[in-house]
Amino acid sequence: MRSIAMARRPGNPSRRFPDGGSKARSSPFLSIGLVVGALFLIGYSLNGSGGFGGNKEAVSRVEGDFSCTVEVQRAIPILKKAYGDSMHKVLHVGPDTCSVVSTLLKEEETEAWGVEPYDIEDADGNCKSLVHKGLVRVADIKFPLPYRAKSFSLVIVSDALDYLSPKYLNKTLPDLARVSADGLVIFAGYPGQQRAKVAEVSKFGRAAKLRSSSWWIRYFVQTSLEENEAAIKKFEQAATKRSYAPNCQIFHLKSYH
Ligand SMILES: *[C@@H]1O[C@H](CO)[C@@H](O)[C@H](O)[C@H]1NC(C)=O
């Protein structure tokens with residue numbers, strides 16, 4: 001499956017072919033076919049390995065919507081238990097943020113904003129309306145976020161930090177902590193999930209580097225970000241109670257004081 005990613009054209013794989021030459025007509029279908037096939041195989045093999053949980057997750061992988069952003073939505077009830085009132089003003093940062101913001105806005109007493117790190121040309125009407133209302137912004141997270149310190153009670157990031165090198169992480173992660181008041185929650189992929197991201201390579205222009213939890217924890221220590229022990233404990237308790245088994249690594253960090 002690695003070879004599929006490698007075989008893709010170097011440069012910007014998401015570039016469009018505006019003149020619609022024959023190349024443009026055939027290659028999208030070919031790559032969609034390969035990606036669907038790859039996802040099917042990944043779903044099948046993960047299902048067989050039984051490593052990450054039940055059948056429902058395996059099915060969603062086969063359908064190709066596997067992502068930690070989807071995981072954020074599954075985790076919302078657990079996050080509410082863990083963070084309580086701190087869920088009242090939430091910023092989500094990550095691809096498909098519109099889906100998370102829409103879900104959060106359905107929760108009572110929750111205001112939500114989103115930062116979409118990549119272009120949203122093919123966003124649906126609902127997403128465009130969130131952008132129009134100023135609830136969702138498109139912004140490159142390698143640069144400082146356009147918000148004041150402690151603008152949000154809670155900041156949740158998914159499927160975004162995996163794509164940053166330590167050099168950029170050193171800027172982005174403290175910036176995410178800066179705009180949060182009560183905590184920062186990070187959803188990151190497991191190293192074994194690397195191949196499930198093949199479909200997203202073109203979108204990000206850089207393959208995800210899925211790091212182990214020991215890598216992340218070492219990184220947090222190095223950059224003086226503290227884990228939020230109280231939130232970790234509450235999250236774990238709520239997860240156990242609801243038999244919730246996350247498909248992504250979830251880290252709870254403190255905001256700056
Ligand atoms: C990131 O920051 C840490 C802590 O300040 C430092 O030790 C490390 O060298 C930095 N990494 C890069 C790639 O700049």
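**Group meeting: the ligand shell and a helix pair**

Let me begin with the ligand, around which we find the residues Pro166, Lys167, Asn170, Gln222 and Thr223. Please keep in mind, as you look at the structure above, that this is a predicted model. Sorted by class, the residues of the shell come out as one nonpolar, three polar and one charged.

Now I would like to move to a pair of helices, H4 and H10. Helix H4 covers residues 68-83 and helix H10 covers residues 229-241, and the two pack with their axes 8 Å apart, at an angle of about 135°. Angles of 65 to 115 degrees would count as roughly perpendicular and those over 145 as roughly antiparallel, so the angle here makes H4 oblique to H10. The crossing in which H4 passes H10 is right-handed.

Which residues make the contact? On the H4 side they are Ile78, Lys81, Ala82 and Tyr83, while H10 brings Ala231, Lys234, Phe235, Ala238 and Ala239. Taken by class, this contact of H4 with H10 holds seven nonpolar residues and two charged ones, with no polar residues.

Just after H10 comes Ser243, which takes a positive phi of about 50°.

Notes:
Residues are numbered from 1 along each chain as its sequence is written. This is a predicted model: local features need pLDDT of at least 70, side-chain atom pairs count only at pLDDT 80 or more; totals for chains, interfaces and linings use all residues. A residue is near a molecule or strand if its C-beta atom, placed from the backbone, lies within 6 Å of it. Ala, Val, Leu, Ile, Met, Phe, Trp, Tyr, Cys and Pro count as nonpolar, Asp, Glu, Lys and Arg as charged, and the others, Gly among them, as polar. Axes are lines fitted to C-alpha atoms, for helices over the stretch in contact, and angles run from 0 to 180 degrees between N-to-C directions. Helices (H or I, at least four residues) and strands (E, at least two) are DSSP runs, numbered from the N terminus. Angles under 35 degrees count as roughly parallel, over 145 as roughly antiparallel, 65 to 115 as roughly perpendicular and the rest as oblique. A crossing is left-handed if the near helix is turned anticlockwise from the far one by less than a right angle, and right-handed if clockwise. Two residues are in contact if their C-beta atoms, placed from the backbone, lie within 7 Å.
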